[in-house]
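This report describes how the parts of one protein structure are arranged. Please keep the sequence and the structure in view while reading.

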Amino acid sequence: MIAQSLTVNPFPNSFLKCHRPNPGFLSSSVSLNVSRWNEAMSMRLSRERTVGTTVLASKEQSSSYNSEKKRKVVEHICLLKAKKDLSEEEEKDMLDYLYTSQYQMGGIVAISLGRISNENVENYTHGVFMRFQRKEHLVKFYENPFYSKVLKEHVMPYCHGLMNVDYETEVEDDILPIFRKGEDFNFGVEFVLLISFIQSAFGGPAEDALESLKRLTAEFPSLIVQSTQGSNFNLSSEIYTHAVVIRLRSVEAFEMFVGSSDYKEMWSNKFQPIIRTQLPVHFSVDPVGTEIM
């Protein structure tokens, strides 16, 4: 069962508190005006939220699941294998440079990163999630000299391996979910699930399994802020055919979701019979402020 391999093993995460987003960061190529931002922010932050204590059995089905307007985006996952003797100072330096790279390059609309909390078979220690507007922005990101320098001088000296996964997906066509802005995205848990389906599963069973997971995540807005999934097109990590990223509201929400009978039953019936391998990792995202360190 997948839930059994996701036992939370928290690490000290004080280093995350140094990562501060730029409050003025909005990509100039996205035509979303200030009044829409203020209206969306006001509506989103004023709604009542139920976190952690919600009984999982009392599901809330999102009425807009099939009707809401969607926008395509491209998402990038980078998993790192840090050296065992990595110091807190080295870790801070690595994550600071990765986080602030969004301010030096165009096209990045959202980013989160942190130390992976669960043991995993591939021994990855840190995760980075980025969202881009379009594929061409991702291509430019890989080719950008600044990013190459960050990897050479501030990442690879502290790591002995990394893996990149990229996929196209859809999100609600509204400024807060696109940019992952607002109170809902300030903190929580990023759950990254990499999957490799067997060849015979394509064209039916694999798509049905992913759709079942999409429907299930939509049923728990009190636990889950956003969920995306897509087919991996990065040839360097083609061992994994698909990726799923789920932002949960808290560690408690994460434990409730992956430990629920609904999730376990779905995984056992829909995924387990048709996957070759899987890699589930998760990391905490701390509250963020308004300074850039």
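## Two helices in contact

In helix α6, the residues D208, A209, L210, S212, L213 and L216 meet D262, Y263, M266, K270 and F271 of helix α8; contact here means heavy atoms within 4.5 Å. Helices (H or I, at least four residues) and strands (E, at least two) are DSSP runs, numbered from the N terminus. Sorted by class, this contact comprises 7 nonpolar, 1 polar and 3 charged residues. Ala, Val, Leu, Ile, Met, Phe, Trp, Tyr, Cys and Pro count as nonpolar, Asp, Glu, Lys and Arg as charged, and the others, Gly among them, as polar.

Helix α6 covers residues 205-218 and helix α8 residues 261-271; they pack at an angle of about 170°, and their axes are 10 Å apart. α6 is therefore roughly antiparallel to α8. Angles under 35 degrees count as roughly parallel, over 145 as roughly antiparallel, 65 to 115 as roughly perpendicular and the rest as oblique. Axes are lines fitted to C-alpha atoms, for helices over the stretch in contact, and angles run from 0 to 180 degrees between N-to-C directions.

## Basis of the model

The model is predicted: local features need pLDDT of at least 70, side-chain atom pairs count only at pLDDT 80 or more, and totals for chains, interfaces and linings use all residues. Residues are numbered from 1 along each chain as its sequence is written, and side-chain values use heavy atoms, with hydrogens and water left out.

## The sheet containing β1

An open sheet is formed by 4 strands in the order β2-β3-β1-β4, with antiparallel pairing; two strands pair if DSSP finds at least two bridges between them. The edges are held by β2 (108-115) and β4 (159-172), each with a single partner strand, so one side of each has no neighbour in the sheet. On average, neighbouring strands of this sheet are turned by 15° against each other, direction ignored.

Strand β1 (residues 70-82) pairs with strand β3 (residues 126-132) in the antiparallel sense over 7 bridges. L79 stands opposite G127 in β3. Helix α3 (residues 135-143) lies across β1, β2, β3 and β4, and runs at about 25° to β1.

## Residue H76

H76 is placed in strand β1. Is H76 buried or exposed? Its relative accessibility is 1%, so H76 counts as buried; buried means under 20% relative accessible area, exposed over 50%, and partly exposed in between (1.4 Å probe, protein chains only). Not counting residues up to four places away in sequence, H76 touches several residues, including V128, F129, L138, Y142 and D166.

The side chains of H76 and D166 are joined by a polar contact of 2.7 Å. A polar contact is a pair of N or O atoms within 3.5 Å; within protein, one must be able to donate a hydrogen and the other to accept it, and residues adjacent in sequence count only if both atoms are side-chain atoms.

## The sheet containing β5

Another open sheet has 4 strands in the order β6-β7-β5-β8, and its pairing is antiparallel. β6 (224-231) and β8 stand at the edges with a single partner strand each, so one side of each lacks a neighbour in the sheet.

Strand β5 (residues 188-197) is joined to β8 by 10 bridges, and the two run antiparallel. I195 stands opposite Q278 in β8. In strand β8 (residues 275-285), 9 of the 11 residues are buried, so the strand is largely enclosed by the rest of the structure.
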